[in-house]
Amino acid sequence: MRTTAHPRLRRGVVHTRSWTVWFALTLGVAAVLFVACGGSNGASTFTPGPPEAGVDGNVYVSPLGEAGFPGADTSGETVLLVSPAGTTLVVTGPGVTQQMTATYQGSSTPVAASWSVDLPLVGTIGSSGLFTASGNLGGVVTVSAQTETGHGATTLTVLLSTVDNEGNVPTPVQGTLRAGGNADPNFRWLYPYDQTVFPRGIAPPVLQWGGEPATYARVHVTSSTIDYEVFYAASDPAADAFTQAAWTMITESAAPGDTLTVEATKLSASGVTGPITESWTIAPGTLAGTVYYNTYDSPLNDNQGAVMSIKPGQAAQILLGGCRVCHAVSADGSTLIAMGAVADPSPDAGPPGNDPYFYKLGVSYDLTNDAGVLHNEGDNAFAFGALYPDGSRMLTCGNMAGNFPPNIPGLGTVGVVDGGTGDRVSQLMDPKTGAAIQAPGFDGVMTHALMPAFSPDGTNLAFNHYDTGAGHSLAVMPFTQGTNTFSPPVDVVPSPLLPDGGGDDGGVPFIGWPAFLPDSQTVLYNTVNYGDYATWNDYGSEPDHYGDLFAVDVASHTVTSLDAANGFSGGTTYLPYGAAETHLNYEPTVLPVAVGGYYWVVFTSRREYGNTITDAFDPGHPDGGAGPFESHPATRKKLWVAAIDLNITPGKDPSHPAFYLGGQEPLAGNMRGFWALDPCTQNGTSCIAGDTCCSGFCRQTSGDDGGPLLSCVPQPTGCSEEFEKCATAADCCGEAQGYLCVNGHCAQPQPH
């Protein structure tokens, strides 16, 4: 089906309104459309101006600045009242209606008006003001009326109420589950976590519970716009998942800032137990881009290492096999660098990449051209480098003489195979040619900048400042692209304390893997109790490696522990298996744009995953008891995602409990997920949001058949919609509603 300009098929919120074509939609078409996840993003522009004619000839206007809509200037017009005002319509199927009327203020006589709604997949409205629900989605619909002399609008809350019987549960058993009980004292939520913030467009979470296996189960999800009940058959261990269609219905129906109450009840050998309750929030946006991560013992890659790619909501795929690891990706998704040659220079009898020299080489890849090779580097200078947002530059990770520690595994004894000392200073390079780039302010000033990372806007560089802190400090250097000039470094992180895990830190942890938030004002990083900054267990004489996520405000140098993402609330862990799961969080990277009113961080964690991967049941170690640092395969090492508040107050935790990134291989050890936008596309190609277009703008055009189609277009006139280009918040259509300009893209405010 053609991609259209409807807000439920795009990634964000649309502020333009030209819905005439949508009033012709039948409910059958809407039933198909609702399965496609997402938000919206409409015709927008960089320079605010009057309503403009779109490329398809339609006129685009903003309801947030148009008379008759919230925030409008209606001076000089007659006030038009739309009723019933602020009412709720309970919908149990297609065709439920609500008559809307328009009257002038001071009169009770209805007047003829032109009617429109902002969420046509929730329901449509006819010329007489009769609203008809689709029966597919709930939501808070803005209903607007316009006459020649007046405008008016109100909200209509559509509460969708539906029941699914996925497990063919008999009616009497359904009644027993609804009645509840307390037979199993060990029945509790293991996953997801309470207070999790989920985005739209991901695979449904697997609901997992403790206690006895379930003979039957009931899950009940409620909010102001959804009342969904589902019954499941037996599961051992107790776990179930929403269908993708049901999860899409739930997440697309959830109103911004609304809380989902999720109840679970089960019938087991001891009897009925529950309900047990959690609360979730749905961010009104669909995650963008691709996560590129290292994997080890991958069944997809003959149990070897690889660089994998995974799009939120999809399954992982091999991007680079042959154990090419230690990678980095540019924020725009155009360029990837990694350790490991294209071809093994000294083949042996083992799998590709087994001989030691293989790992001393590097390659850069063109992600705009099917990961084609850009350059083969004769050493591993590319490993753990910092790619500039557009992939045009790279700052190498410094390396000291010797193995690890003091170095990062993979960089130890660099150059020794060629007779060198192993010491290599950081430098700016061209990843496409391997040529050095002169960098005034850096060259001759800095020597060992470890684990460097550029900010998404390219104006700052963060790194472990080994020259001054010997691994215990984090610095930021401003960068000027035009001259490749660095300003003096500023150490922004005092060493936070972490419970001593028996490493060589003396209670003062090492600091690693910095990553900027999209605002370029906050840096995330992790602490670790050993000087190789790794995530593994006893490797030779090394201790188990414990770490946690932190944030530092670049301006004030205020350090904040990301307690909620780390698994803590009020100083106590909320993780279901207690202290054994704590301090196992590492390697954060961040989606370069804000989505749904939040930033999104992906990180490595060795925590347990519900009842799917635990100490008692580990699919990679069926004998059990392997613990969080099991290896070969390291099945506990997985990628998790957490929402970060847009409005950050230094010293106040902005994070939320994390969710498991679906689509990973359950038997592989996965780590260091780089989150990048997908390579942009040129004008005339189809799109879902402005940040997918090289021009920065995605809007409705006409397809070959005359139907609506979203395409990348040159910068039009007027204001910019969510995800479209901006220089300041004043460029965004929703500025009056709190929209921000974050990393050059309009971003909706955090829902409340």
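Residues are numbered from 1 along each chain as its sequence is written. In this predicted model, local features need pLDDT of at least 70, side-chain atom pairs count only at pLDDT 80 or more, and totals for chains, interfaces and linings use all residues, while side-chain values use heavy atoms, without hydrogens and water.

**Exercise 1.** Determine which residues of helix α2 are buried and which are exposed.

*Solution.* Helices (H or I, at least four residues) and strands (E, at least two) are DSSP runs, numbered from the N terminus. Buried means under 20% relative accessible area, exposed over 50%, partly exposed in between (1.4 Å probe, protein chains only).

1. Within α2 (residues 171-179), the buried residues include Val 173, Gln 174 and Leu 177.
2. These three lie on the same side of α2, because they cover an arc of only 105° around the axis (taken from the directions from the helix axis to the C-beta atoms).
3. Thr 171, Pro 172 and Ala 179 are exposed on the other side of α2.
4. The cover over the buried residues of α2 includes β11 (150-165) and β20 (271-286).

**Exercise 2.** Locate Thr 225 and describe its surroundings.

*Solution.* 

1. Thr 225 sits in the loop between β16 and β17.
2. Thr 225 counts as buried because its relative accessibility is 0%.
3. Not counting residues up to four places away in sequence, Thr 225 touches, among others, Gly 138, Leu 159, Ser 253 and Asp 258 (contact: heavy atoms within 4.5 Å).
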